Amino acid sequence: MKVAVLGAAGYVGGELLRLVLQHPDVTEIVATSRSQAGKPIADLHPALAMLTDARFAAHAPADVARGKDVVFLALEHGESAQMMGEIIDAGPGLVVDLAADFRIQDGGLHERYYGPHHAPALVHRFQYGLADVRGTSLRGARAIAAPGCFATAAQLALYAIAELPVSAPPVIFAVTGSSGGGQKLKATAHHPSRAHNLFAYPDSSHRHEGEILEQWRGWRNDRTAEARLVPHSGPFVRGIYATLHAHLDPAFPSVSFAEHIAGRFLGRPFVRVMDTPPELTHVVGTNLALLHATPSADGREVRVFCAIDNLIKGAGGQAIQAMNLALGLDERAGLIAPGPFPC
Ligand SMILES: NC(=O)c1ccc[n+]([C@@H]2O[C@H](COP(=O)([O-])OP(=O)(O)OC[C@H]3O[C@@H](n4cnc5c(N)ncnc54)[C@H](OP(=O)(O)O)[C@@H]3O)[C@@H](O)[C@H]2O)c1
C-alpha cells in the first residue's frame with residue numbers, strides 16, 4: 001500500500017510514521033512537512049533512524065494524495081478543512097483526518113465548540129473512527145475522522161455504560177500528559193509549569209465535549225442527552241487517565257459491572273476489561289485501552305476508569321486501526337508491538 005502522512009513533523013505525525021513504517025502492508029510512504037521539507041525524517045524523529053533514511057517532502061496536498069491508497073492528515077485544527085476538497089478530488093482510496101475538522105456531523109454542535117465550518121459540504125462524507133466501538137462497520141469507509149485523545153478515553157468509558165439507566169449526566173474527570181498539546185510552545189507546556197503539577201483546564205471544559213456529546217446522544221438514542229468532560233493537565237508526557245462517574249436510576253437492579261462492560265467490548269482486540277483500576281504506564285507505547293468498572297457501596301453509582309496512550313490509541317494507533325478496518329485488513333496489523341515497561 002502507498003501511504004502519505006501530511007503534517008509528519010508533529011507529535012502525531014511522528015507517531016503515525018513510526019507505526020506505518022512497521023505496518024506489514026505498507027510498501028511506500030511519503031511524509032510531508034512545510035516547516036521541515038527536505039530535512040531527513042530522522043533529524044526530527046531520531047527514534048525512526050533505524051526505520052528510514054527518507055526526507056520530509058514538501059507540502060503539496062493534491063500531488064501527494066494522487067495515487068495513494070491512504071492519506072493521513074495530522075495538521076493543526078482548521079487546516080484539514082481548507083485542503084480536504086483538493087485531497088478528495090485527487091482520488092486516494094482512503095483519507096484519515098486526525099484533526100477535529102470532520103468529527104462532528106451536527107453543524108450546530110460543531111459551531112458551538114469550534115465556530116463556523118470551512119468545508120461543511122464535505123462533513124457527511126466522513127465516518128467517525130472510534131475503532132473499538134465501530135469495529136467492522138468501518139469496512140469500506142473512504143473518509144474517516146479519527147477521534148480526539150480525551151474524546152477516545154471518555155467515549156470508551158461512556159460506551160461501557162451506554163445501555164445502563166443513567167439518571168443524570170455522567171461526569172468524566174480526565175488527565176492528559178503534555179504531549180496532548182502538540183509541539184507548539186505554550187506557557188502551560190513549559191517544564192516548570194508542568195512537572196510536579198496538576199491543574200484543570202481554564203474554564204473546566206474542552207472542545208472534545210462536542211464529539212463526545214454527539215456519540216453519547218447516538219448511543220442513548222436521545223438528542224438531548226448530556227455528559228460532561230472535566231479535563232486536567234498532568235505531570236507526565238504521554239497518556240490519558242479518565243474516571244467516569246454516573247448515577248443510576250434507583251429502580252434499576254444492580255448488575256455485575258465487570259460482566260456488563262466485558263460484554264460491551266466482546267471480541268475487541270485492543271480493549272481489556274480489568275479486575276482492578278488500570279495504570280497509565282501499562283498502556284504507554286501501546287494501542288490498548290484498559291478499562292475497569294466498579295459500583296458504589298450502595299450500588300446506585302458506577303465508576304468507570306479508562307487509561308490510554310494519547311498519541312497511539314488517542315491518535316496514530318487508532319487511525320491505523322480504523323484504516324485496517326476500513327480496508328478489510330487484519331485489525332491488529334502494525335499495532336501489536338508491546339510498549340516499554342517500566343516507563
Ligand atoms: N497530540 C495529541 O495527543 C493528539 C491526539 C489526537 C489528535 N490530535 C490532533 O492531531 C493534530 C496534530 O497534533 P500534534 O499534537 O501532532 O500537533 P503538533 O505537534 O503541533 O504538529 C502540528 C503541526 O505543526 C507543524 N509544525 C510547525 N513547526 C514545527 C516544528 N518545528 N516541528 C514539528 N512540527 C512543526 C507541523 O506541520 P508543518 O511542518 O507542515 O508546518 C505539524 O503537522 C491536531 O489537529 C491535534 O488536535 C493530537
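The model is predicted, with local features requiring pLDDT of at least 70 and side-chain atom pairs counted only at pLDDT 80 or more, while totals for chains, interfaces and linings use all residues. Residues are numbered from 1 along each chain as its sequence is written, and side-chain values use heavy atoms, leaving out hydrogens and water.

The volume of this second largest pocket is about 250 Å³, and of its 14 lining residues the closest to the centre are Y11, G14, E15, H45 and R238. A pocket is an open set of points, on a 1 Å grid over the protein atoms alone, where a 1.4 Å probe fits and protein lies on both sides within 12 Å along at least five of seven lines; lining residues have an atom within 4 Å of a point. Grid points are joined across faces, edges and corners, and the volume is the space filled by probe spheres set on the points. Because domain 1 (2-147 + 313-327) and domain 2 (150-309) both give residues to the lining, the second largest pocket lies between them; the domain bounds come from an automatic or database domain assignment.

The ligand is surrounded by 26 residues, with V12, S33, R34, S35 and L75 the closest, where a residue counts as near if one of its heavy atoms lies within 4 Å. Domain 1 and domain 2 each contribute at least three residues to this shell, and helix 1 (11-20) and helix 11 (312-327) each supply at least two.

The polar contacts tabulated here are pairs of N or O atoms within 3.5 Å.

| Residue and atom | Ligand atom | Distance |
|---|---|---|
| G7, polar backbone atom | oxygen | 3.2 Å |
| Q36, side-chain N or O atom | nitrogen | 3.3 Å |
| Q183, backbone N or O atom | oxygen | 2.9 Å |

Of the 870 Å² of accessible area that the ligand has on its own, the protein covers 82%, by the Shrake-Rupley method with a 1.4 Å probe.

Two backbone features complete the account. Most residues other than glycine have a negative phi, and most peptide bonds are trans. H196, although not a glycine, has a positive phi of about 55 degrees, and is found in the loop between helix 8 (191-194) and strand 8 (199-200). F341 and P342 are joined by a cis peptide bond with omega about 0 degrees, and P342 is placed in the segment after helix 11.

Notes. A polar contact is a pair of N or O atoms within 3.5 Å; within protein, one must be able to donate a hydrogen and the other to accept it, and residues adjacent in sequence count only if both atoms are side-chain atoms. Helices (H or I, at least four residues) and strands (E, at least two) are DSSP runs, numbered from the N terminus.
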